[in-house]
Amino acid sequence: MHKVFYTGSRTIRNRPINLKPWTPEFDLTKEFLSDIPLWVIFPKLPMSCWGSEALSKIASAIGKPLFANECTTKKTRISYARMLIEVNVTRTLPIEITVLDPRGRKFQQELVYEWKLSYCDKCQTIGHVCHNQQGLRK
């Protein structure tokens, strides 16, 4: 049980799943996770930025880096790097970030999320976005 709960994030079909031990006080209506792991792709990332320290710094601009996939760490597929990053879903996810490469040059790095969930600021719930402030049906 401890191995399952405490060894990190899990995904099913590239979608995050969060596991927590059940308690008698658990109330699903009050449960809200604002930080979830998402797979993020860095297309055409320069090879000079593929080291673990550089990848971690780049991922930190989005959220909390968890780990890179095997193809990224072993550099067996170099068309893009892929990392699992814990992001706050109540914030807008960036579509690009400014990166400073090891030589000190800045460039814009595109970000692709393998899966994005919708978050409604109005209702503060995951799964939809209200159409407008006048109360149109969801």
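Let me begin with Glu-114, which is partly exposed at a relative accessible area of 29%, where buried means under 20% relative accessible area, exposed over 50%, and partly exposed in between, with a 1.4 Å probe and protein chains only. Please keep in mind that this is a predicted model, in which local features need pLDDT of at least 70 and side-chain atom pairs count only at pLDDT 80 or more, while totals for chains, interfaces and linings use all residues. Residues are numbered from 1 along each chain as its sequence is written, and side-chain values use heavy atoms, with hydrogens and water left out.

Which side chain does Glu-114 meet in a salt bridge? The partner is Arg-82, at 2.5 Å from N to O, and a salt bridge here is a side-chain nitrogen of Lys or Arg within 4 Å of a carboxyl oxygen of Asp or Glu. This pair links distant parts of the chain, since Arg-82 sits in strand β5 (residues 80-88) and Glu-114 in the loop between β8 (112-113) and β9 (119-120), 32 residues apart. Helices (H or I, at least four residues) and strands (E, at least two) are DSSP runs, numbered from the N terminus. Arg-82 itself counts as buried, at 12% relative accessibility.

Glu-70 and Lys-74 are joined by their side chains at 2.8 Å, N to O, and both belong to helix α3 (residues 70-74), four residues apart, which is about one turn of the helix. Lys-74 is exposed, with a relative accessible area of 54%. Asp-101 and Arg-105 also form a salt bridge, at 3.2 Å from N to O, with Asp-101 buried at 9% relative accessibility and Arg-105 partly exposed at 48%.

Now let us return to Arg-82, which lies over the face of Trp-39, 3.8 Å from the ring centre; for a charge to sit over a ring, NZ of Lys or CZ of Arg must be within 6 Å of the ring centre and within 35 degrees of the ring normal.

How many aromatic pairs does the structure hold? There is one aromatic pair, and it is formed by Trp-39 and Phe-67, edge-to-face, at 5.7 Å centre to centre with 80° between the planes. Rings of Phe, Tyr and Trp (its six-membered ring) pair if their centres lie within 6.5 Å, and planes under 30 degrees apart count as stacked, over 60 as edge-to-face and the rest as tilted. Trp-39 lies in strand β3 (residues 35-43) and Phe-67 in strand β4 (residues 64-68), so the pair ties together parts 28 residues apart in sequence. Trp-39 is buried at 8%, whereas Phe-67 is partly exposed at 40%.
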